[in-house]
Every structure is written in C-alpha cells, then in structure tokens.
Amino acid sequence: MDVPALRAALLTWYDAEARTLPWRAPPGSGGRVDPYRVWLSEVMLQQTTTAHATPYFHAFITRWPRVADLAAAPDEEVMAAWAGLGYYARARNMLKAARAVTADHGGVFPDTEAGLLALPGVGAYTAAAVAAIAFGRAANVVDGNVERVVSRLFAVETPLPAARPELRRLAGSLVVEDRPGDWAQALMDLGAVICRPKSPSCERCPVSAYCAAQQTGDPARYPLKTKRAERPRRHGVAWVMTDAQGRVGLVRRPDRGLLGGMSGLPTSDWRVPSAEVAPPVDADWRDAGSVEHVFTHFTLSLRVQTASARAHGLTWTDVDDARRALPTVFRKALDRALG
C-alpha cells in the first residue's frame, strides 16, 4: 500500500469535509486543543453517539469550564448531570481522573500516553486520542470507526474481536509524526460519515483506490465478526412512591456496582424472580406495566408498581427534577408509573 498517497488523500478530504465539533480545532490549523475538552469529549463518546453526547458536553463545559472546576464538584451533582449518557462507571472514573489531574499535576494534563494512562479510568484509546489531538503526539488512535476503516483497507479476514491486535498493528503502520491529531480525527470522520457499518458510500470515499475490501466487490462484508452469544435476561420490580405533594421517593444507589452512586427508584434485586419479592412498605400498590432496558451484558425487564406511600430513607423529589436526575432505566419506569 502507498501509505504517503493514502495519507495525503485522506487529509485533503478531511481539510475540506471535517465535521465541526465543539472540542476540535480546525483541520490543518496546527492549533492545539484544550486537553480537558478533548478528554471530556472522549469519555462521553465511549458507547455514545456524537449527536447524543454533544449537548452533555456543552452543559458540562458551561458548568465546569476547567478540570479543577469538575474536580471540585460534588459527586451527586456530576452524576445527576451525567444521567442519560449511560455506562455510569465512566462518570465515576471521570471524577477520579479530574481530581488526580488537579491534585497530582497542578491542574495540567500529562502530555504523554504513559502519563495519561496513569490517570484513573483512562485506557489505551483515550490516552492515545488525547495525546494525538491535544498534544500532537504520533499516537495510534484506534476506536470502532478506525477498526472498521482499517479492516476494509486491508480486507482483514480474521473476525472481531480476535482481529483487534492485527487491526491495531495495521492502523499503527499508517501513523507518522506529521499532523497526528488531524490524522486520528480524519480516520474517525471517514468511518462515521463515509465508511459506515452498512451501505458504505464507497463512491464518495477519498481512499477507495487504496481499499482492498472495495476491490473484492463487497466492502460491507468487513469487518468480519464472531457471532455473539444471546444476551441474558433479568427481571425486577421498581416501586414508584408519591407523597401528598406529588413528589417521588428516590434512593441513592451504592457507590459500587451497576449505576453506582446514582439516584434511583427503590427496586428489587434483579437476580431474584420478581414473583418472590415484596414491596418495601404496605400500601395500595397498582401495577403500571413493565419497561425494558438493555445493559451491556444483559437485558432487564422491570415491572413497575406505584402507590401513594411513605417509606424511610427516601429523598422526596419533584417529578421534573427526578426525571433529570434518574438514569434512563429508572426514568422509563417513572414515566410508565405516571402514565
């Protein structure tokens, strides 16, 4: 493969077609981006679309414009602001990393992959992305979009996830010292806009002449994937209690575990059959139906029961405030309970 020609073609396309995103510097400007903004965006974008993450990014930057501001924020405020982005362990690790940068590095992000990797919750991809985009390091930035692009450029026949080491090696063969941040973002944009999972727009692709998958006549076949095992299903009950003022009773979930540290509705153990659990207090409980929610490793079917009731240990919250504070699964249950 003619790597210099491929790089030139892709970077020329990126200079003209780059997506405008609030954490980026213009392509080709050589301008460095605030590493706090890059890091924050990358944490939010894990397992989340750009369109969904962007409003959260604006809200966080407005509320906590510097890493020191985020580090000083109370946990519950940050977790409430994160509600709806999912994968809540990211938010807890994000706070730990912000506090490490502030306490151990004087509020200045490390400028190397090794230094960034030492921060809590920062993995290989995030460290490489921040090093390349914020500090101009020639780092090998490989996310899902890049895996897909590289698998097609080289027509890699090994299925994912076993192909990941090979894809990482091949992606690294395209990285040089020149414009590493733009290169990383150009690959990401190519995967997001042109080299899509289904129906790739090969006729618009700036590097189709170098694509081995395109030459096979079936580029959408790549990347090959090992068939996933069926996601297991769990069941539970969520109890929606309201008081005389129409407020909703919420709990704070334990710091460790799924949705740790978040506000939630009182709920049964999701590993115990729902027929075997009793409500937390005696009341005139009404079945409001069920909601479903897909987590990374299982699907949850949550039966919703509601009553006008009081129970100890709850925080009584206005419905609109509760909706803003609750993670998606509990917001679904609350909406079902309230019709």
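Analyst: Of the contacts (heavy atoms within 4.5 Å) in the protein between residues at least 6 apart in sequence, 67% link residues at least 24 apart. The model is predicted, so local features require pLDDT of at least 70 and side-chain atom pairs pLDDT 80 or more, whereas totals for chains, interfaces and linings use all residues. Residues are numbered from 1 along each chain as its sequence is written, and side-chain values use heavy atoms, without hydrogens or water.

The protein has 339 residues, 48% of which are buried, meaning under 20% relative accessible area with a 1.4 Å probe, protein chains only. Its secondary structure consists of 14 helices and 6 strands; these are DSSP runs numbered from the N terminus, helices being H or I of at least four residues and strands E of at least two.

A nonpolar core is a set of buried Ala, Val, Leu, Ile, Met, Phe, Trp, Tyr and Cys residues joined through side-chain atoms within 4.5 Å. The largest such core holds 107 residues, and within it Trp 39 and Leu 70 touch the most other members. Helix α8 (residues 124-135) supplies the largest share of this core, with 10 residues. Another core, of 9 residues, lies apart from it and includes Ala 309, Ala 311, Leu 314 and Trp 316.

How values were computed: Buried < 20%, exposed > 50% of the residue type's maximum accessible area, 1.4 Å probe, protein only.
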